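Here is a short tour of one protein chain, written for someone who likes to think in side chains. Keep the viewer open and follow along.

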Amino acid sequence: MTELRPGDASLLRKVNTQVTLRALRREGVTTLTRLGRVTGLSRQTVEAVLDELGERGYVRELPPDEGAMGRPARRFAFRADAGHVVGVEVGGDAVVAALADLDGEVIAWERAPVPGGAAAHERLEAAGRTALKCVDGAGLARRRIWAVAAGTPGIVDRTGRVSLSLTLPGWTGVDLAGLAGGWFGCTALAANDANLAALAEHWRGSARHVSDLVYVLLGHRAGAGILIGGRLHQGRRGAAGEIGTLRQVGWERAVRELAEDASAAEVFEAALAGDRAAVRRVDRYAEHLAVGASALALTVDPDLLVLGGAHARAGDVLLDPLRRHLAELCVNAPEVVASAFGDEGVAMGAVRLALDHVEREMLGL
């Protein structure tokens, strides 16, 4: 018989805890017997793990099922309200914050406008105020926030620092993760906005059924995020998908021309009503978008291209001409759909990033 070394028992307890917690989150409300069956662990082991998780506040025991015959089974559920996360978009013209529980269910939203030319410190102050207002407005104690994540335009390195921003004044060099961590005194992360929006679509949006995805974020600027094999592809230094910075692609010019004498929403609305000048303007916009989108599509050959951000709310007025131009440029154009989240995708992706941290570092999943 092999003798257990001192560290073996601790490792075994950790593995048993992870297996039980995963099963409990997957099953929802479940019984002790069911947990033993799906985990392959003994009833005694599962019971010990549940007692420990209950002491840590991660699990609660529910009242017996009154309708059951015989001795009622003990029922348990994961406490999604044991902690919370906040996802924030720090964008060009707005800040959007989402408060979610540990199951990723959003329980509060908050948004605030930010002038496009705002200084970095003004944008950061607006982001902090909005995040705090989101939590305070939900009646939640700030200490209940376990992690914060923020998405923003530009190239964001693995430490959460903006290494390059071409659209927001004074934004290059901002330690967004470090500063966001001060809002609630917890771990904070930061990433590129289009990457986070792509993550949200794959998690709970239009791209749940695909592995390879190109996501194009449209609004104050145009950017892209890429998923390959279900995983974000950020590149060597986080610049993957930043095709909009290539002047020859024309994305920056297209954004300016679309709303040069009216808001983008007004142009889309006029095009929907049949205004010929507006229809032509939207078509030119779609043609410029198709150039960069086709370059990404021809490189990745994705299952799906998702259009997100504020302009995605235009629907088929924009999607139809984009599909037509992509078909002209691509050998095999991907399916094109609108985001399930519109302009809330970045904040949702930030929620997912924060949850990834919590599950990995705090729940041990």
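Which residues are linked with Arg 352 in a network of salt bridges? The network joins Arg 25, Asp 103, Arg 352, Asp 356 and Glu 359.

Before going further, a word on what you are looking at. This is a predicted model, in which local features need pLDDT of at least 70 and side-chain atom pairs count only at pLDDT 80 or more, while totals for chains, interfaces and linings use all residues. Residues are numbered from 1 along each chain as its sequence is written, and side-chain values use heavy atoms, with hydrogens and water left out.

**Salt bridges**

A salt bridge here is a side-chain nitrogen of Lys or Arg within 4 Å of a carboxyl oxygen of Asp or Glu. Searching the whole structure for such pairs gives 25 salt bridges. Three of them are set out below.

| Pair | Closest N to O distance |
|---|---|
| Arg 56 and Glu 52 | 3.5 Å |
| Asp 261 and Arg 281 | 2.8 Å |

To describe their surroundings, we call a residue buried under 20% relative accessible area, exposed over 50% and partly exposed in between (1.4 Å probe, protein chains only). Helices (H or I, at least four residues) and strands (E, at least two) are DSSP runs, numbered from the N terminus.

Start with Arg 352 and Asp 356, which are four residues apart in helix H11 and therefore separated by about one helical turn. Arg 352 counts as buried because its relative accessibility is 12%, whereas Asp 356, at 27%, is partly exposed.

The Asp 261 and Arg 281 pair sits elsewhere in the chain. Asp 261 is exposed, with a relative accessible area of 58%, but Arg 281 is buried at 15%. In the remaining pair of the table, Arg 56 is partly exposed at 38% relative accessibility, and Glu 52 is partly exposed at 33%.

**Charges and rings**

A charge sits over a ring if NZ of Lys or CZ of Arg is within 6 Å of the ring centre and within 35 degrees of the ring normal. Arg 25 lies over the face of Phe 78, 4.7 Å from the ring centre, and Arg 352 lies over the face of Trp 203, 4.9 Å from the ring centre.

Rings can also meet each other. Rings of Phe, Tyr and Trp (its six-membered ring) pair if their centres lie within 6.5 Å; planes under 30 degrees apart count as stacked, over 60 as edge-to-face and the rest as tilted. The whole structure holds two aromatic pairs by this search. For Phe 268 and Tyr 285, the ring centres are 6.5 Å apart and the planes stand at 55°, so this pair is tilted. Phe 268 belongs to helix H8 (residues 264-272) and Tyr 285 to helix H9 (residues 276-300), so to speak linking distant parts of the chain, 17 residues apart. Both Phe 268 and Tyr 285 are buried.

**The nonpolar cores**

A nonpolar core is a set of buried Ala, Val, Leu, Ile, Met, Phe, Trp, Tyr and Cys residues joined through side-chain atoms within 4.5 Å. Which residues touch the most other members of the largest nonpolar core? They are Leu 50, Tyr 58, Phe 78 and Val 85, in a core of 39 residues. Elements that give two or more residues to this core include helix H1 (6-27), helix H3 (43-55), strand E3 (75-78) and helix H11 (345-362). H11 gives the most, with eight residues.

Contact means heavy atoms within 4.5 Å. Leaving aside residues up to four places away in sequence, Tyr 58 touches Leu 53, Ala 77, Phe 78, Arg 79, Ala 82, Trp 146, Met 362 and Leu 363. There is also a second, separate core of 35 residues, with Val 216, Ala 293, Leu 318 and Cys 330 among them.

Two strands pair if DSSP finds at least two bridges between them. Three strands form an open sheet in the order E1-E3-E2, with antiparallel pairing. Strand E1 (30-31) and strand E2 (59-62) are at the edges with a single partner strand each, so one side of each has no neighbour in the sheet. E1 and E3 run antiparallel and are joined by two bridges. Thr 30 has Phe 76 in E3 as its bridge partner.
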